[in-house]
Amino acid sequence: MRSVPRQPVASQSDIRSRIPGKMSSILILVGTESGNAQMVADALKPVLETAGHAVDVSDKAASAMDLQAHDVLLVVCATHGSGDIPTNILPLVETLERECPNLSRHRYGVIALGDRSFQDTFCGGGKKVDQVLELCGAQRVGDRLEVDASSQPSPDEEALAWVEGWKNLV
Ligand SMILES: Cc1cc2nc3c(=O)[nH]c(=O)nc-3n(C[C@H](O)[C@H](O)[C@H](O)COP(=O)(O)O)c2cc1C
């Protein structure tokens with residue numbers, strides 16, 4: 001009898017992300033010092049809700065427990081100092097790095113805010129959060145958006161354009 005090549009088995013998350021109109025429970029994680037990332041998060045929330053998702057916004061999540069109620073994370077994170085993570089989101093990032101909890105049932109997206117005039121540390125905060133979530137097994141959906149304050153004075157405009165594609169992937 002001829003053997004039939006086996007098809008790869010779709011994971012649960014593949015199946016979920018392919019169902020049109022599937023509602024996700026999204027937590028927007030804000031890392032901010034001077035309010036731009038919060039402004040972006042507040043602009044994205046109604047867009048994601050209109051697309052049918054349930055959305056919460058937090059600038060206080062500090063552990064894996066705080067992420068459990070949501071299946072999708074959207075990080076909106078600025079960079080300060082010299083490539084540093086904003087202080088409000090530092091406890092979460094340090095805890096995830098130290099404890100490396102299993103976040104494999106989470107999908108996530110990243111919007112990194114920065115300024116290209118800082119060259120080597122451009123968008124270092126958002127890149128760092130991206131790395132840590134990947135380390136914990138979460139699956140990134142879509143490309144990371146990097147918003148450059150030196151060429152884009154309104155970060156929410158670029159983020160709103162980006163989320164038009166992202167909202168259909170989660
Ligand atoms: C003191 C200071 C340091 C900064 N350092 C960096 C940096 O190292 N790399 C970078 O890409 N952007 C850097 N930025 C730019 C900010 O990330 C950018 O302006 C961002 O939009 C600020 O967002 P927030 O208002 O949510 O904190 C810095 C901004 C300030 C004021």
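The legends below describe close-up views of a predicted model.

Local features are given where pLDDT is at least 70 and side-chain atom pairs count only at pLDDT 80 or more, while totals for chains, interfaces and linings use all residues. Residues are numbered from 1 along each chain as its sequence is written.

**View 1. Helix α2 and the elements it packs against.** Helices (H or I, at least four residues) and strands (E, at least two) are DSSP runs, numbered from the N terminus. Helix α2 covers residues 36–50, and its end C-alpha atoms are 22 Å apart. This agrees with the 21 Å that its 15 residues should span at 1.5 Å a residue (expected span: 1.5 Å times one less than the number of residues). A37, V40, A41, L44 and L48 are the buried residues of α2. A residue is buried if 20 or more other C-beta atoms lie within 10 Å of its own, exposed if 12 or fewer, and partly exposed in between, with C-beta atoms placed from the backbone. The buried residues of α2 pack against β1 (25–31), β2 (54–58), β3 (72–77), β4 (107–114) and α5 (155–166).

**View 2. I28 in strand β1.** I28 counts as buried because it has 25 C-beta neighbours inside 10 Å. Its contacts, leaving aside neighbours within four places in sequence, are A41, L44, K45, V55, V57, L74 and V76 (contact: C-beta atoms, placed from the backbone, within 7 Å). I28 and L74 are 46 residues apart along the chain, and their C-alpha atoms are separated by 4.6 Å.

**View 3. Strand β4 and its burial.**

**View 4. Strands paired with β4.** Two strands pair if DSSP finds at least two bridges between them. β3 and β4 run parallel and are joined by 6 bridges, with V75 opposite V110 in β4. β5 (residues 139–140) pairs with β4 in the parallel sense over 2 bridges, and Y108 stands opposite R140 in β5. β6 (residues 145–148) also runs parallel to β4, with 4 bridges between them; here I111 stands opposite L145. β3, helix α3 (residues 90–99) and β4 form a right-handed β-α-β unit. Right-handed means that, with the strands pointing away from the viewer, the path from the first strand over the helix to the second runs clockwise.

**View 5. The shell around the ligand.** Of the 23 residues around the ligand, T32, S34, N36, A78 and G114 come nearest. The elements that give two or more residues to this shell are α2 and β4. A residue is near a molecule or strand if its C-beta atom, placed from the backbone, lies within 6 Å of it. The shell divides into 9 nonpolar, 12 polar and 2 charged residues (nonpolar: Ala, Val, Leu, Ile, Met, Phe, Trp, Tyr, Cys and Pro; charged: Asp, Glu, Lys and Arg; polar: the others, Gly among them).

**View 6. Q119 and C123 in the loop between β4 and α4.** Most residues other than glycine have a negative phi. Phi is positive for Q119, near 45 degrees, and for C123, near 55 degrees. Q119 is exposed, with 7 other C-beta atoms within 10 Å, whereas C123 is buried, with 25.

Terms used:
Contact = placed C-beta atoms within 7 Å.
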